[in-house]
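Please look over the fold below before reading on. The report then walks through its core, its rings and its helices.

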Amino acid sequence: MAAYPVDPGDPDPSYLTFWQERHLCTLTTPRPDGSPHVVPVGVTYDPEARLARVIANKSSRKVLNVLSAGPLGARVAVCQVDGRRWATLEGRASVRTEPDRVAEAERRYAERYGRTPSPNPSRVVIEIELTRALGPVRRIGSQESNGD
């Protein structure tokens with residue numbers, strides 16, 4: 001079984017392009033009992049900073065799950081799929097409330113998804129310090145890689 005590893009700080013151009021396309025993603029966080037909580041989200045990927053960002057409401061379950069993991073943060077994954085192409089980013093998540101960090105996450109979201117998020121005074125950003133990336137995203141000729 002192939003692992004499809006990618007350096008999260010230095011992805012190949014096809015991997016980075018895939019993360020720049022507009023795709024709905026999922027975020028998986030651990031609940032306090034250890035079971036996975038999976039929700040649809042918008043994600044931005046910043047390989048230079050080795051970060052993925054998810055904007056969220058501070059009272060959302062995903063934010064509460066990250067906070068409940070304690071000061072070291074929660075081990076999480078974000079994933080996106082398009083046909084047979086998929087990509088996953090993994091790392092430690094923390095919740096950031098600093099206005100400049102939230103604004104940067106909103107700016108990147110608007111750039112990727114083509115719309116500015118509505119104002120929300122309760123908005124925070126889940127920042128994921130990336131430790132792993134994987135996924136077969138290259139197109140081979142006119143056929144997509146199949147990930148098998």
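Leaving aside its neighbours within four places in sequence, which residues is Leu89 in contact with? This is a predicted model. In it, Leu89 touches Tyr15, Trp19, Tyr45, Ala52, Val76, Ala77, Val78, Leu130, Arg132 and Ala133.

**The core**

Leu89 belongs to the largest nonpolar core, which has 34 residues. Six of these members touch the most others: Tyr15, Trp19, Val78, Leu89, Ile126 and Ile128. Strand 8, residues 123-134, supplies the largest share of this core, six residues. In soluble globular proteins, nonpolar side chains tend to be buried together.

**The aromatic rings**

Four aromatic pairs turn up in a search of the whole structure. One of them joins Tyr15 and Tyr45, edge-to-face. Tyr15 sits in helix 1 and Tyr45 in strand 4 (residues 44-46), so this pair ties together parts that are 30 residues apart in sequence. Another pair is that of Trp19 and Tyr45; their planes stand at 70°, so it too is edge-to-face. Trp19 lies in helix 1 and Tyr45 in strand 4, so here the parts tied together are 26 residues apart in sequence. Through ring pairs, Tyr15, Trp19 and Tyr45 form a cluster. A pair of aromatic rings is described by the distance of the centres and the angle of the planes. Both values are listed here for the two pairs.

| Pair | Centre to centre | Angle between planes |
|---|---|---|
| Tyr15 and Tyr45 | 6.3 Å | 90° |
| Trp19 and Tyr45 | 6.0 Å | 70° |

Tyr15 has 0% relative accessibility, so it counts as buried. Tyr45, at 8%, counts as buried. Trp19, at 2%, counts as buried.

**Asp7 and its loop**

Leaving aside neighbours within four places in sequence, Asp7 is in contact with Tyr45 and Arg50. Asp7 is placed in the loop between strand 1 (5-6) and helix 1 (13-20). Its relative accessible area is 40%, so Asp7 is partly exposed. What does the side chain of Asp7 make with the side chain of Arg50? The two make a polar contact at 3.3 Å. A polar atom of the Asp7 side chain also lies 2.9 Å from the backbone nitrogen of Gly9. Val81 is 74 residues from Asp7 in sequence, and their C-alpha atoms are 19 Å apart in space.

Thr29 is part of strand 2 (residues 25-30). Its relative accessible area is 2%, so Thr29 is buried. The Thr29 side chain makes a polar contact with the side chain of Asn65, at 3.0 Å. Beyond neighbours within four places in sequence, Thr29 contacts Ser35, Pro36, His37, Lys62, Asn65, Val66 and Val76.

Asn65 leads on to helix 2, residues 61-68. The buried residues of this helix are Lys62, Val63, Asn65 and Val66. Seen down the helix axis, they fall within an arc of 160°, so they line one face of helix 2. They pack against strand 2, strand 3 (36-41), strand 5 (51-57), strand 6 (74-82), strand 7 (85-96) and strand 8. After helix 2 comes Gly70, with a positive phi near 100°.

**Helix 3**

Does the span of helix 3 agree or disagree with its 15 residues? Helix 3 covers residues 99-113. At 1.5 Å a residue it should span 21 Å, and its end C-alpha atoms are 21 Å apart, so the two agree.

The buried residues of helix 3 are Val102, Ala105, Arg108, Tyr109, Arg112 and Tyr113. They cover an arc of only 130° around the axis, which means that they are on the same side of helix 3. An α-helix has 3.6 residues a turn, so residues three or four places apart point the same way. Which exposed residues does the face turned away from the buried side carry? On helix 3 these are Pro99, Asp100 and Glu111. Gly114 follows helix 3 and has a positive phi, near 75°.

Note on methods
Residues are numbered from 1 along each chain as its sequence is written. This is a predicted model: local features need pLDDT of at least 70, side-chain atom pairs count only at pLDDT 80 or more; totals for chains, interfaces and linings use all residues. Side-chain values use heavy atoms; hydrogens and water are left out. A nonpolar core is a set of buried Ala, Val, Leu, Ile, Met, Phe, Trp, Tyr and Cys residues joined through side-chain atoms within 4.5 Å. Buried means under 20% relative accessible area, exposed over 50%, partly exposed in between (1.4 Å probe, protein chains only). Helices (H or I, at least four residues) and strands (E, at least two) are DSSP runs, numbered from the N terminus. Contact means heavy atoms within 4.5 Å. The expected span of a helix is 1.5 Å times one less than its number of residues. The arc is that of the directions from the helix axis to the C-beta atoms. A polar contact is a pair of N or O atoms within 3.5 Å; within protein, one must be able to donate a hydrogen and the other to accept it, and residues adjacent in sequence count only if both atoms are side-chain atoms. Rings of Phe, Tyr and Trp (its six-membered ring) pair if their centres lie within 6.5 Å; planes under 30 degrees apart count as stacked, over 60 as edge-to-face and the rest as tilted.
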